[in-house]
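The following paragraphs lead the reader through a structure step by step. Please keep the sequence and the three-dimensional view at hand while reading.

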Amino acid sequence: MESLSRHPAGPSERDHRPPGDGDRASRPSGRGLRRLSIATVAAMGVALGLVFFYAPIEAEEGFLQKIFYLHVPLAIVALCGFVIGAVMAIAHLRTRDRRWDLRSYVTIHMSLIFGVAVLLTGSIWARGSWGHWWVWSEPTLVSFLIVFLLYAIYQPLRFSIEDPERQARYASVFAIVAGAFVPLNFIAVRLSTAYLHPRVLGGTSSLPPQMALTFGVSLAAMALLFATLCSYELAAKRTRMLLKTRSRTLGFQ
Amino acid sequence: MTPLASTLPQSSNDGYVAAAYVVFFAIVLIYVAIMAIRLSRVERDLRALHARAGERTAREPQPMQEPQPMQERETV
């Protein structure tokens, strides 16, 4: 993008920036993103090493329990992503700054991708552990599916509205309402008595230190992966918007 | 406390662990590939825009088109 900035662009160009465009947008593949990517790859490598060479084998499930270090961090990060998307939507409605809407959209979009991974890895784990791909009587599984399906309508809703202002506003309202539903859903499942699904956080059974360390590193690695992919998506969207704006400013569109 | 195995349990479920990790990395790889395709498209458009801007500058200086207010028509 820097090559473009050398061209004459007119004095008023800076006053007409696209949402999400800023000084950083002209350097989307900057050092920050590169460092974040390197940190993510390193964290994923360390997490995988700990999972397969350090964490002890669990007595009941055996080697199958290794899916726990993938599936649970994925679920936690995906659910947190939905809540963060709601917080960003609140920021958008409060400030009317379209950058917050873009961030909210990207966060929810990424959480949906992580949600697909949660459902698939969860099904594989259920098949190996319980002998069924899906157990409808298990509240944790069904509640996650409900949250996922709720957010699955976010994008069709968003893109069914043509006016950008209304689109951003309606999407923010949806993100806030759905985001409030996520912790409520989590608490409701916790309060239910009958369950098969193992409790990880705050449950009666605690993890041995080696497993806890491995789980913590896996969770950090997954959070880093989420942040990195969100940053790439944001950078790509900002670059595309900047490109459109420059084309228009130069009279090519 | 989660019980640990003193010896490696006899398990025929190892394939499920491999499948779960393969599925996860496949999803990430597919996403990264889609991003790479999108970014290469942006790069191509950028080169085209750069070339056109260069051509215009070489010909003659033209008055800039009045840019439209931005808050406006950009969508995600």
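At what angle do the axes of helix α2 (residues 31-53) of chain A and helix α8 (residues 209-249) of chain A cross? In this predicted model, the two axes cross at roughly 150 degrees and come within 8 Å. That angle makes α2(A) roughly antiparallel to α8(A), since angles over 145 degrees are counted in that class. The crossing of α2(A) past α8(A) is left-handed. On the side of α2(A), the contact is made by L33(A), L36(A), S37(A), A39(A), T40(A), A43(A), M44(A), V46(A), A47(A), L50(A) and V51(A). On the side of α8(A), the residues involved include L213(A), T214(A), V217(A), S218(A), L224(A), L225(A) and A235(A). Sorted by class, this contact of α2(A) with α8(A) holds 17 nonpolar and six polar residues, and no charged ones.

Chain A contains eight helices and zero strands, and its elements accordingly read α-α-α-α-α-α-α-α from the N terminus on. Of its 253 residues, 40% count as buried. Among contacts in chain A with a separation of 6 or more, 81% are accounted for by residues 24 or more positions apart.

Helix α8 of chain A also packs against helix α3 (residues 68-95) of chain A. The axes of α3(A) and α8(A) lie 9 Å apart, at an angle of about 45 degrees. The two helices are therefore oblique to each other, and their crossing is right-handed. Here Y69(A), P73(A), L74(A), I76(A), V77(A) and G81(A) of α3(A) meet T214(A), F215(A), S218(A), L219(A), M222(A), A223(A) and F226(A) of α8(A). By class, the contact of α3(A) with α8(A) comprises 10 nonpolar, three polar and no charged residues.

The next step leads to the second chain. Chain B has 76 residues, of which 11% count as buried, and it contains one helix and zero strands. This helix, α1 (residues 14-59) of chain B, has an axis that comes within 11 Å of the axis of α8(A), and the two cross at roughly 25 degrees. α8(A) and α1(B) are therefore roughly parallel to each other, and they cross in a left-handed sense. From α8(A), the residues L229(A), Y232(A), A236(A), T239(A), R240(A), L243(A), R246(A) and S247(A) take part. Their counterparts in α1(B) are Y31(B), M35(B), R38(B), L39(B), V42(B), D45(B), L46(B) and L49(B). The contact of α8(A) with α1(B) divides into 10 nonpolar, two polar and four charged residues.

Two individual residues of chain A deserve a separate look. A117(A) is located in helix α4 of chain A. Is A117(A) buried or exposed? With 24 other C-beta atoms within 10 Å, A117(A) is buried, because the threshold for this class is 20 or more. Apart from its neighbours within four places in sequence, A117(A) is in contact with L74(A), F24(B) and I27(B). The C-alpha atom of A117(A) is separated by 28 Å from that of T239(A), which is 122 residues away along the chain.

The second residue is R96(A), which is in the loop between α3 and α4 of chain A. Most residues other than glycine have a negative phi. R96(A), although not a glycine, has a positive phi of about 60 degrees. R96(A) counts as partly exposed, with 13 C-beta neighbours inside 10 Å.

The model scores ipTM 0.80 and pTM 0.79. Chain A has a mean pLDDT of 83, and 82% of its residues reach 70 or more. Within chain A, confidence is highest in helix α3, at a mean of 95, and lowest in helix α1 (residues 2-5), at 38. Over residues 1-28 of chain A the pLDDT is below 50, and this stretch has 48 contacts in the model beyond near neighbours in sequence. For chain B the average pLDDT is 76, with 62% of the residues scoring at least 70.

How values were computed. Residues numbered from 1 in each chain as written. Chains lettered and ligands numbered in written order. Predicted model: local features only at pLDDT ≥ 70, side-chain atom pairs only at ≥ 80, totals over all residues. Axes fitted to C-alpha atoms, helices over the stretch in contact; angles between N-to-C directions. Helix = DSSP H or I, 4+ residues; strand = E, 2+ residues; numbered from the N terminus. Parallel < 35°, antiparallel > 145°, perpendicular 65-115°, else oblique. Left-handed = near helix turned anticlockwise from the far one by under 90°. Contact = placed C-beta atoms within 7 Å. Nonpolar A, V, L, I, M, F, W, Y, C, P; charged D, E, K, R; others polar. Buried ≥ 20, exposed ≤ 12 C-beta atoms within 10 Å, placed from the backbone. pLDDT = per-residue confidence, 0-100.
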